[in-house]
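Subject: Structure for you to look at

Hello,

Here is the structure I said I would pass on. Please open it first, then read the notes below with it in view.

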Amino acid sequence: KKQAAHLCLAYAQKLPYPTASFDQVVATFPSNTILSEQALSESKRVLVSDGTLIMLPLAWTHGMAGKNIIRKSAAGLWQRNAQVASWDERYLKKFIEAGFQARAEQVSTASWSLVIILAQKTNQATL
């Protein structure tokens, strides 16, 4: 049964939903607290069996492609200030420890890249 989506302001460590309420939980550009044991446990709790936590933790512009001066400037500033995003596969360990089967996918174009984490709720944490 499909239900309409609605917006709720809540802490990831204490979600105001019943157990097994959602097929998917989505987090875009979350703070590091989403990787806490309590937040991952809550995400897992509200997911149905085989539900998926989808997270977009990183996105960055390459900026040097094309003629867009704003994009080039922003990328140049990020690089000079050592603020270019980077992905480390070790981040997946938190999801696996929380009982998810997790993988990361990087999607890129000439102008931008992003990382998507797909973490499926399982009874056993294996890849």
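**Overall layout**

The protein has 3 helices and 4 strands. Helices (H or I, at least four residues) and strands (E, at least two) are DSSP runs, numbered from the N terminus. In sequence order, the pattern is β-α-β-α-α-β-β.

Two notes on how to read what follows. This is a predicted model, in which local features need pLDDT of at least 70 and side-chain atom pairs count only at pLDDT 80 or more, while totals for chains, interfaces and linings use all residues. Residues are numbered from 1 along each chain as its sequence is written, and side-chain values use heavy atoms, with hydrogens and water left out.

Of the 127 residues, 30% count as buried. Buried means under 20% relative accessible area, exposed means over 50%, and partly exposed is in between (1.4 Å probe, protein chains only). The protein exposes about 8800 Å², and carbon and sulfur atoms supply 54% of that area. Accessible areas come from the Shrake-Rupley method with a 1.4 Å probe; for residues, only the protein chains shown count as cover.

Contact means heavy atoms within 4.5 Å. Among contacts between residues at least 6 apart in sequence, 65% join residues at least 24 apart.

**The nonpolar core**

In soluble globular proteins, nonpolar side chains tend to be buried together. A nonpolar core here is a set of buried Ala, Val, Leu, Ile, Met, Phe, Trp, Tyr and Cys residues joined through side-chain atoms within 4.5 Å. Which residues have the most contacts inside the largest nonpolar core? They are L53, M55, F95, F100 and A119, in a core of 19 residues. The elements that give two or more residues to this core are β1, α1, β2 (47-61), α3 (92-97), β3 (100-108) and β4 (112-121).

Leaving aside neighbours within four places in sequence, F95 is in contact with L35, L40, L53, M55, F100, A102, I117 and A119.

**The largest pocket**

Rolling a probe the size of a water molecule over the atoms shows where empty space is left. On a 1 Å grid over the protein atoms alone, a cavity is a set of points where a 1.4 Å probe fits but cannot get out; a pocket is an open set with protein on both sides within 12 Å along at least five of seven lines, and lining residues have an atom within 4 Å of a point. Grid points are joined across faces, edges and corners, and a volume is the space filled by probe spheres set on the points.

The largest pocket holds about 1000 Å³ of space. Its lining has 30 residues, and Y17, F22, Q24, V25 and V26 lie nearest the centre. The elements that give two or more residues to this lining are β1 (22-28) and α1 (37-46). The most comes from β1, with 7 residues. By class, the lining has 18 nonpolar, 9 polar and 3 charged residues. Ala, Val, Leu, Ile, Met, Phe, Trp, Tyr, Cys and Pro count as nonpolar, Asp, Glu, Lys and Arg as charged, and the others, Gly among them, as polar.

**Strands β2 and β4**

L114 lies in strand β4, and L58 in strand β2. Their C-alpha atoms are separated by 5.5 Å, although the two residues are 56 apart along the chain. L114 counts as buried because its relative accessibility is 16%, and L58 counts as buried because its value is 19%. Besides L58, the contacts of L114 beyond four places in sequence include L56, A59, W60, E105, Q106 and V107.

S113 is also in β4. With 2% relative accessibility, S113 counts as buried. Between S113 and A59, 54 residues apart in sequence, the C-alpha distance is 5.6 Å.

A39 is in helix α1. Is A39 buried or exposed? It counts as buried, because its relative accessibility is 0%. Leaving aside neighbours within four places, A39 is in contact with A12, Q13, T33 and I34.

Most residues other than glycine have a negative phi, and most peptide bonds are trans. F29, in the loop between β1 and α1, has a positive phi of about 50° and is not a glycine. D50, in strand β2, is not a glycine either, and has a positive phi of about 70°.

Regards
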